[in-house]
Amino acid sequence: MSRAPKFDKSFINAMAKRSRYAHEPVIDKVFDILKYVRDEYTVKPNYKLTTVAKQLKIDTSDSHRAVGDSVLALKVYTNIVQQMNMIRRKMEIDHDEWCKNNLSIYKNQESSNNPDLKNTNPSQDSRMPVR
C-alpha cells in the first residue's frame, strides 16, 4: 500500500533500467490498494499497511522491512481480490436464484401451459434486479 504508486512504478522502472536489468519498463500498470481500501473499508485508527492487514487477519510479523512490506502488500491485495470474487459469485447466485423464484418464464411447467409467457423478455421485466 504505497502512498505514491506512480512514483514507485517510475522508481522501479528507473532502477531496472539503470541496473541494465531491462531496457523497457518492467511495470506497466499499478493498482492503488490504499485508494481502494479508503473507498471501500473503514479502518481504525489509520490506513497503514499493517493496520489494514490486521483488520483482514493477515500476519504482520515480517512488516516494516522492504521485502516484508512488499509481501504484506501482496497478501492484502490478494485478500481483497478474493473477497471481491466471493461477493461477485454470491451476487450471481442470488440473481439466478431470484430469477428462478420470481420470474414465471423460468418455471418450465407454467411457461409451457401459458403461451403468453413464452415470448416474455426477462430483461424487460421491471421486477428483475440489475446485475
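Thr51 sits in helix H3 (residues 49–55); helices here are DSSP runs of H or I with at least four residues, numbered from the N terminus. The model is predicted, so local features need pLDDT of at least 70 and side-chain atom pairs count only at pLDDT 80 or more, while totals for chains, interfaces and linings use all residues. Residues are numbered from 1 along each chain as its sequence is written, and side-chain values use heavy atoms, with hydrogens and water left out.

**Thr51 and its surroundings**

- Thr51 counts as buried because its relative accessibility is 15%; buried means under 20% relative accessible area, exposed over 50%, and partly exposed in between, with a 1.4 Å probe and protein chains only.
- Apart from neighbours within four places in sequence, Thr51 is in contact with Val43, Lys44, Pro45 and Asn46, where contact means heavy atoms within 4.5 Å.
- With the side chain of Asn46, the side chain of Thr51 makes a polar contact at 2.6 Å.
- A polar contact is a pair of N or O atoms within 3.5 Å; within protein, one must be able to donate a hydrogen and the other to accept it, and residues adjacent in sequence count only if both atoms are side-chain atoms.

**Backbone features in the loops**

- Most residues other than glycine have a negative phi, and most peptide bonds are trans.
- Lys44 and Pro45 are joined by a cis peptide bond, with omega about 5°, and Pro45 lies in the loop between H2 and H3.
- Lys57, in the loop between H3 and H4, is not a glycine but has a positive phi of about 60°.
- Lys57 counts as exposed because its relative accessibility is 75%.
- His64 also lies in the loop between H3 and H4, and its phi is positive, near 70°.
- At 62% relative accessibility, His64 therefore counts as exposed.

**Packing of H2 and H4**

- Helix H2 (residues 33–40) packs against helix H4 (residues 66–102) at an angle of about 45°, and their axes are 11 Å apart.
- Axes are lines fitted to C-alpha atoms, for helices over the stretch in contact, and angles run from 0 to 180 degrees between N-to-C directions.
- H2 and H4 are therefore oblique to each other: angles under 35 degrees count as roughly parallel, over 145 as roughly antiparallel, 65 to 115 as roughly perpendicular, and the rest as oblique.
- From H2, Ile33, Tyr36 and Val37 meet Ala73, Val76, Tyr77, Ile80 and Met84 of H4.

Technical notes:
Helix = DSSP H or I, 4+ residues; strand = E, 2+ residues; numbered from the N terminus.
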